[in-house]
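Please open the model in your viewer and keep the sequence panel beside it. The tour below goes from one selection to the next and says what is there at each stop.

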Amino acid sequence: MNLKKIIWILGLVVLIVSMAGLSYGIYLYNKPHVDVANQKAIQQLAATDLMQIYTDNEEEANANYLDQIIQVEGTVREVLANAAEGTAILLATQDDFGSVSCTFMPNQLASIKDIKVGDQIKLKGLCTGMLMDVVLVRCVLLKN
Amino acid sequence: MKSLKTFFFFLIICVVFTGAQAQDKFFTRNGHASFFSKAPLENIEAHNEQVLSIINTKNGEIVINMLMKSFEFEKSLMQEHFNENYVESHKYPKATFKGKITNFKEINFAKDGQYSAQVSGKMTIHGVTRPISAQGNIEVKDQKINAQSKFIIALKDYGIQVPKIVAQNVAENIDIKVDFNYVPYKK
């Protein structure tokens, strides 16, 4: 009688644990992307400063900014149509050639479609490093 | 009057020459690179819209540079595994290609048209550099160059280990696609 009870309880425990494991697995598998729109930026800075920090010391800049949400303000140098879809917006820096290059979340396309060269804009995005430009992805446009 | 004519002639020559010089190099900073992994349990694809590439039409040289962290996946877990476990982008943040269009003499970059290109060079991913050759298409139109290519790489060639437990989820050979719209490089 007692043994039967123990087996029952054990069975129940195993069931609960495996259910929890399974749902955790499903949660992980479907874990959402970083929500740039609703998370706070770790720092706010001008596009020119961001470029300066990267040109001074790329490694150190990466240690501080990689995978982090940063808020950047600057003047639009160029608006580029991407090969696949979407738009890349380049923010001017003191460097003639290197810009801060920003690609946007699909839900931002409507709000960025009127942006022109020379506009002053503010945005936040995830920093992924530097090539010729400092690159931000998943950007969200902020109100000036 | 004559000297004015000479002056204009000189001016035109200058413009033509500087123009010709500026057009040796074409570049893009928002090139598109994507990869596709087809495995029994799931298909995985990722896109990078901020690929940097420069092409020198004088000697056919091509340089491609991209940040691994700029690849975006549908599922954030895939992106996390890709960056942390497979390409280890904290250690190897960039992938690069340096090479040449071997048949660049057959391509007239000054004339609109479609051309087939043979590209070979060295590609570095995950800190491993290997020779690679691929076939591509080049379209010249209105002083712009569109280049596209598709090729396959084996993960193990670049020292990328896929744990056995996800062998059914990640393919051993990955299809890579690139699509670049080059514009004249002016400084």
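## First stop: a helix and its surroundings

Select A:Ile53, which at 30% relative accessibility counts as partly exposed, where buried means under 20% relative accessible area, exposed over 50% and partly exposed in between, with a 1.4 Å probe and protein chains only. A:Ile53 is found in helix H2 of chain A; helices (H or I, at least four residues) and strands (E, at least two) are DSSP runs, numbered from the N terminus. Leaving aside neighbours within four places in sequence, A:Ile53 is in contact with A:Leu45, A:Ala61 and A:Tyr65, contact meaning heavy atoms within 4.5 Å.

Before going further, please note that this is a predicted model, in which local features need pLDDT of at least 70 and side-chain atom pairs count only at pLDDT 80 or more, while totals for chains, interfaces and linings use all residues. Residues are numbered from 1 along each chain as its sequence is written, chains are lettered from A and ligands numbered from 1 in the order in which they are written, and side-chain values use heavy atoms, with hydrogens and water left out.

Now select residues 47-56 and 58-65 of chain A, helices H2 and H3, whose axes come within 5 Å and cross at roughly 125 degrees. Because of that angle H2(A) is oblique to H3(A); angles under 35 degrees count as roughly parallel, over 145 as roughly antiparallel, 65 to 115 as roughly perpendicular and the rest as oblique. Axes here are lines fitted to C-alpha atoms, for helices over the stretch in contact, and angles run from 0 to 180 degrees between N-to-C directions. From H2(A) the contact is made by A:Leu50, A:Ile53, A:Tyr54 and A:Asp56, and from H3(A) by A:Glu58, A:Ala61, A:Asn62 and A:Tyr65.

Which residues of H2(A) are buried? They are A:Ala47, A:Leu50, A:Met51 and A:Tyr54, and because they cover an arc of only 95 degrees around the axis, they lie on the same side of H2(A), the arc being that of the directions from the helix axis to the C-beta atoms.

Select A:Leu45, which lies in strand S1 (residues 43-46) of chain A and is buried, with a relative accessible area of 10%. Not counting residues up to four places away in sequence, A:Leu45 touches A:Leu50, A:Ile53, A:Tyr65, A:Ile70, A:Gln71, A:Val72 and A:Glu73.

Move to B:Lys69, in the loop between strand S3 (61-67) and strand S4 (72-73) of chain B, where the residue is buried, with a relative accessible area of 11%. Its contacts, not counting residues up to four places away in sequence, are with A:Leu66, A:Asp67, A:Thr128, B:Asn83 and B:Ser89. For the complex, the predictor gives an ipTM of 0.82 and a pTM of 0.84.

## Last stop: two backbone angles

Most residues other than glycine have a negative phi. A:Arg138, in strand S6 (residues 134-142) of chain A, has a positive phi of about 55 degrees although it is not a glycine, and is buried, with a relative accessible area of 12%. B:His126, in the loop between strand S6 (113-125) and strand S7 (128-141) of chain B, has a positive phi of about 60 degrees, again without being a glycine, and at 10% relative accessibility counts as buried.
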